[in-house]
Amino acid sequence: MNNKVKILIKTFFSLDFRDKENKGKKKFLGIFISYLFANSVLTLNNYIAFNRESFIILSFSTGVFLLVFVILNDFANLFFTKKHIDVMSSLPIDNSDLVLGKFISAFLYLSVYALIIAIPQVIFFGLYGSNIFEMIMFLAANMCSLFFITGAILILYTASLKVFSGKSNIILYLFQFIFFFYVIFTSSTASRISVEKADLLSQGFIKYLPQFYFAASAGKPLTLAALILLTILLYVIFYFYIKKNYLKISAIIYEQKEKTRGSKSKKSLWIKYNDFMSKIFIRNNEEKASYYLTLNQLSNSKSLKLKFVPLIFLPVIVCLISVFTNTASLPDAGNAQNGLLVITPSISFTFFMCIKLLISATKIEDENSSDTGWMYSSLPINLPGRIKNANLKFITVNFAFPLIIILFCIINFKINLLSSVLNLAYIFSASLFVNSLFLLFDRVYPFSLESTKYNSASKLGEILFIMLIAVGIFVVQIFIFENVIFVVISILLFLVISKVIKRKVLL
C-alpha cells in the first residue's frame, strides 16, 4: 500500500466522521447511543423469548439488518466520491488508488457500526452461562456473519446497478420488506411463549439461512476459520468488481438526466388530485411553492421514491398480518360491553413512525443537488413556518389520509364499524398533533439538509423517539376508549391543538 492510498484512507475516514459544521464527534456519539439502545432492546427481547441456539441465529440476523440499513441508505457516499470528484481529478491520483482508498475507508467505517451492533449481543450471550472463550468465538462468528451477508448483498446490489440500472431499487424494497416480516415474525413468536423459551430450530426453513451455519461455527474454530477466509474472498471479489466498473457505476448512480415525462398538457391523476387539494388547503403563495416543490421532487427523484415506497406499504402490511392472525384488536382494552375495541398497537406504532419518517425524508437534499440551503436565504421569505407547514400538509394529504382509508378498509373485516372509525380517527388526529408539535422546533427547510452518513444513520434515533411518543399515546388510548364520548373529545382536542400550534408556527 503506497503513501497516496494511506493519505486517501485517512482523508475519507475523517470525512466519514465529520460534516461541514465539524460536529462529527457529537453526532457519532448520538448515533452510537441510538444503535446501542435499539439493538439492546431487540437483543433483550430475543434473550427473554428464545433459547441459546435461537438467540445466536436471531442476533446474527438482527445485526445484518441494522448494518445493511446503514449501507443501503448511504451506498453512494460509502463507495463513491461525487462531492469530491472535482478535487480528486485535479490531483495526481490513479483511479485504482482512489478505489482502494474509498473501499478500505468504507470497510473501517462499517466495522465501527458492526462492533456497536455486536456489543449488546455478546453481553446477553454471556448471560446464558457462556465462558470467555465462547463469548470470543461468538463475537468472531457474529462479525464474520455480518460482513459475509452484507458483502453478498453489496455484490448483488452493485451488479444490479450495472445491469438493470433504474430497476435495481427493487432489491432494496425486497430487503426492507424482508426486514419488516422478520421483526413481525420474531415479535409474534415471542408473544406466544409462556414458560419455556421458543426454539427457532423447529422452523424447517432456518437451516437454509446462512446465519444457521455461522451460528454453528461459534463452537467450531476450524469451521469459523474457513468462513472467515470465505468472507475475505467475497470482499476481494467485490473490490475487483468495483475497481473494474467504478466509473460506469458512478455515472449510473449520479446520472442527472431526467426521463421524458410525456406531454405537459396531460396531467396524471395524482397531479390533478394535488391541484384540487392545494386549492382547498393551501392559503398563500409561499405554502404553494413549498407544496409543489415536494410534489415535483417526489415525481422526479428516484432516491426520494426509494425512501417513500417501503414506508407507504409498511402500515398496510402490518395491518394485513394482524387481520390474518386474528390480532387486530386487544381483547382486554377498551369497553367490550359497548362493542368499543382498541386496535393492536403495532398498527398505530408503524403509522406514527412512517408518517414522521416521510416528513423527515423531505428534509434531505437530493443527491444531485447539493448545498441547496443557501437558496432559501436568498429568497424573500416572510414567514419561514409556511414553507415547513406545506411539507406537513403534503404528507397528510397524499399519505396519512389515504393510508387511514386503506387501513379502515382492511381492519373493518375484523372489528366493528364504530371501533374502526374511532380508532383510526384517534390515530390520525394524534399523528397530526405530534407532527404539528415537531413543527414548533423545526429549523430545517425542505430538501436543504446535507445528505451525509450521519443523517442516514441517525434515523434510528428518530424512530426510537417517535416510538416512545407512540407508546404514551397508546397508553392514554386504553383509558380513553372506556367511553365513546371521551374518544370524540380527545380527537377534537388533538385537532384543535394542532390548529393552534400551526397558527403559532405561521406567525
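A salt bridge is a side-chain nitrogen of Lys or Arg lying within 4 Å of a carboxyl oxygen of Asp or Glu. The legends below describe a predicted model, in which local features need pLDDT of at least 70 and side-chain atom pairs count only at pLDDT 80 or more, while totals for chains, interfaces and linings use all residues. Residues are numbered from 1 along each chain as its sequence is written, and side-chain values use heavy atoms, with hydrogens and water left out.

**View 1. The whole protein.** The protein has 20 helices and two strands, where helices (H or I, at least four residues) and strands (E, at least two) are DSSP runs numbered from the N terminus. Of its 507 residues, 50% are buried; buried means under 20% relative accessible area, exposed means over 50%, and partly exposed lies in between (1.4 Å probe, protein chains only). The accessible surface comes to about 25200 Å², and 69% of that surface belongs to carbon and sulfur atoms; such areas come from the Shrake-Rupley method with a 1.4 Å probe, and for residues only the protein chains shown count as cover.

View 2. E286 counts as buried at 15% relative accessibility, whereas R386 is partly exposed, at 25%. A salt bridge also links K393 with E287, and their closest N and O atoms are 2.9 Å apart. Here too distant parts of the chain are linked, since K393 is in helix α16 and E287 in helix α12, 106 residues apart. Both K393 and E287 are buried.

**View 3. A salt bridge between two loops.** The side chains of K363 and D442 meet in a salt bridge, at 2.6 Å from N to O. K363 lies in the loop between α14 and α15 (373–378) and D442 in the loop between α17 (417–440) and α18 (453–457), so the pair ties together parts that are 79 residues apart in sequence. K363 and D442 are both buried.

**View 4. T294 and its contacts.** T294 is placed in helix α12 (residues 285–300), and with 1% relative accessibility it counts as buried. Apart from its neighbours within four places in sequence, T294 is in contact with T362, N391, F394 and F447, where contact means heavy atoms within 4.5 Å.

**View 5. Helix α14.** The 17 residues of helix α14 (residues 345–361) should span 24 Å at 1.5 Å a residue, and the end C-alpha atoms are 24 Å apart, which agrees; the expected span is 1.5 Å times one less than the number of residues. Helix α14 is mostly covered, with 16 of its 17 residues buried.

**View 6. Two cysteines without a bond.** A search of the whole structure finds zero disulfides, a disulfide being a pair of cysteine sulfur atoms within 2.5 Å. The closest cysteine sulfur to that of C319 is in C409, 9.9 Å away, which is too far for a bond. C319 is buried, with a relative accessible area of 0%, whereas C409 is partly exposed, at 45%.
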